[in-house]
Amino acid sequence: MADRDLGEQLVKYLTDVHSIEEQALTQMRRAPEIAGDPEIAEAFAQHLHETERQEQRVRGLLDSAGEKPSKVKDIAGRAGGMGMLLFAKFQPDTPGKLVAHAFSYEHMEVAAYELLRRVAERAGSTEGAALARDIGDEERRMAGRLESVFDRAVDASLRDVARDDLPEQTCKYLADAHAVEMQSIQMLERAPKITEPADLASLYEEHLEESRGHEKRIRGRLEAMGASTSLMKDAAMRLGALNWGALFQAQPDTAAKLAGFAYAFEHLEIGGYEQLKRVARRADDEKTIHVVDAILAEERTAADRIAARWDEALDASLAQVVEA
Ligand SMILES: [Fe+2]
Ligand SMILES: [Fe+2]
Ligand SMILES: [Fe+2]
C-alpha cells in the first residue's frame with residue numbers, strides 16, 4: 001500500500017478510535033449512577049478520567065496531522081453509549097448487565113487500539129504506535145478491574161432476591177445467555193460474507209459450530225428446569241432492543257471491524273457466563289455450573305484465537321481498501 005494511502009488509513013483509524021472514546025465518555029459519565037455498588041461505581045469513575053485523557057490524546061494526534069475528529073462518527077458513538085446505558089438501566093439486573101457490557105466494550109477498545117497500532121507502525125508513525133500501545137494497556141487494565149467486580153455485580157443484582165428464588169434467577173440468566181448465543185450464531189453465519197483471510201474464516205466457522213452446541217446445551221438446561229418458552233422469547237426481545245450494530249459504530253463491513261466486533265462479542269458472552277456461573281453457584285445448581293464451565297472455556301479460546309490474528313485481519317482490510 002502507498003504511503004499516502006497508509007496515512008489516510010491512519011487518519012481513518014484515528015477518527016474511529018476517537019468516536020469510540022466519545023461513546024466511552026457517555027458511558028463512563030452515567031455508569032456510576034446506575035452501578036448499584038460503590039466499588040463498581042468507583043471503577044467507572046476512575047476510568048472516566050483515563051478516558052478523558054485518551055480522547056484528548058487522540059484528538060491531539062489528529063490535530064497535529066491537520067485533521068479533525070469525524071462529527072458523524074462521534075455523534076453515532078455518543079448515541080451508542082446512551083443506548084447501552086438505557087439497555088442496562090431497564091434490565092432487572094442492571095449492575096450485572098452494565099458490567100458485562102462494559103467488559104465487552106473495553107475489549108472492543110483493546111481490539112481497536114491493536115489495529116490502530118499496526119496501521120500506525122506501517123505508516124511509520126511512532127507517535128501513533130506509542131499512543132495505541134499506551135491506551136490499549138489502559139483499556140486492558142480497565143477490563144481486568146471489571147472482571148474483578150463480577151462477584152460484586154452479581155451481589156448487587158441479587159440483593160433483593162430471596163434464597164428460594166435462586167433457581168428462577170438461574171433460569172433468567174440462562175435465558176439471557178441463550179439470547180446472546182442466538183445473536184452470536186447470527187453474527188458468525190454472516191461472517192463469511194465479509195471477505196476473510198482463510199485462517200479467520202475457519203476460526204469463525206469452527207466457533208459457529210461450537211456456538212450451536214452452546215445454544216443447545218443452554219436450551220437443554222432451561223427445559224430440564226421447566227422454564228417456559230416465553231422466558232427465552234422475552235430475553236431475546238430485550239437483547240434485540242439493544243442495537244449491537246449501532247453500539248459498535250456500524251455493521252462490521254471489513255475483516256478488521258468484524259474481528260474487533262467478534263472479539264468484543266466473545267467478551268460479552270464471557271461476562272454473561274461468569275455471572276451466570278456465580279448465580280448457579282448460589283443456587284447449588286451443579287449441572288448448570290458444569291455446562292457453563294465447558295462453554296466458558298470455548299468462549300475464552302475463541303477470543304484468544306481472534307486476538308492472535310490482528311495482523312491478518314488488518315492485511316485483509318487494507319487489501320479491500322486498495323481493491324475498492
Ligand atoms: Fe478508551
Ligand atoms: Fe475504556
Ligand atoms: Fe462465543
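Me: Along the chain of this predicted model, what spacing do the donors of the iron ion (ligand 3) follow?
Reply: The donors of the iron ion (ligand 3) are His207 (NE2), Glu266 (OE), Glu269 (OE) and Glu299 (OE). They sit at 2.0 to 2.2 Å. Along the chain their spacing reads H-x58-E-x2-E-x29-E.

Me: Which helices do glutamate 269 and glutamate 299 tie together?
Reply: Both residues coordinate the iron ion (ligand 3). They are 30 residues apart in sequence, so the pair links separate parts: glutamate 269 belongs to residues 255–282 and glutamate 299 to residues 286–307. Those helices are H11 and H12.

Me: Is glutamate 299 buried or exposed?
Reply: Buried means under 20% relative accessible area. Glutamate 299 has 0%.

Me: Is the site of the iron ion (ligand 3) tetrahedral or irregular?
Reply: Four donors count as tetrahedral if all angles lie between 85 and 135 degrees. Here the angles among the four donor atoms run from 79 to 163 degrees. The site is irregular.

Me: Which helix holds both glutamate 106 and glutamate 109?
Reply: Both residues are buried. They are three residues apart, about one turn of the helix. That helix spans residues 94–122 and is H4.

Me: Are H3 and H4 roughly parallel or roughly antiparallel?
Reply: Helix H3 covers residues 71–89, and its axis lies 8 Å from that of H4. The contacts include Met84, Leu85 and Phe87 in H3, and Thr94, Lys97 and Leu98 in H4. The packing angle is about 150 degrees. Angles over 145 count as roughly antiparallel, so H3 and H4 are roughly antiparallel.

Me: Which side chain makes a polar contact with that of glutamate 55?
Reply: Glutamate 55 lies in helix H2, residues 38–64. At 8% relative accessibility, glutamate 55 counts as buried. Leaving aside neighbours within four places in sequence, its contacts are His18, Glu21, Glu22 and Leu25. The polar contact spans 2.7 Å, and the partner is histidine 18.

Definitions and conventions
Residues numbered from 1 in each chain as written. Chains lettered and ligands numbered in written order. Predicted model: local features only at pLDDT ≥ 70, side-chain atom pairs only at ≥ 80, totals over all residues. Heavy atoms only, no water. Helix = DSSP H or I, 4+ residues; strand = E, 2+ residues; numbered from the N terminus. Buried < 20%, exposed > 50% of the residue type's maximum accessible area, 1.4 Å probe, protein only. Polar contact = N/O pair within 3.5 Å; in protein donor to acceptor, adjacent residues only side chain to side chain. Contact = heavy atoms within 4.5 Å. Donors = N, O, S within 2.8 Å, 3.2 Å for Na, K, Ca; no water. Tetrahedral: all angles 85-135°; square planar, octahedral: opposite > 155°, others 65-115°. Axes fitted to C-alpha atoms, helices over the stretch in contact; angles between N-to-C directions. Parallel < 35°, antiparallel > 145°, perpendicular 65-115°, else oblique.
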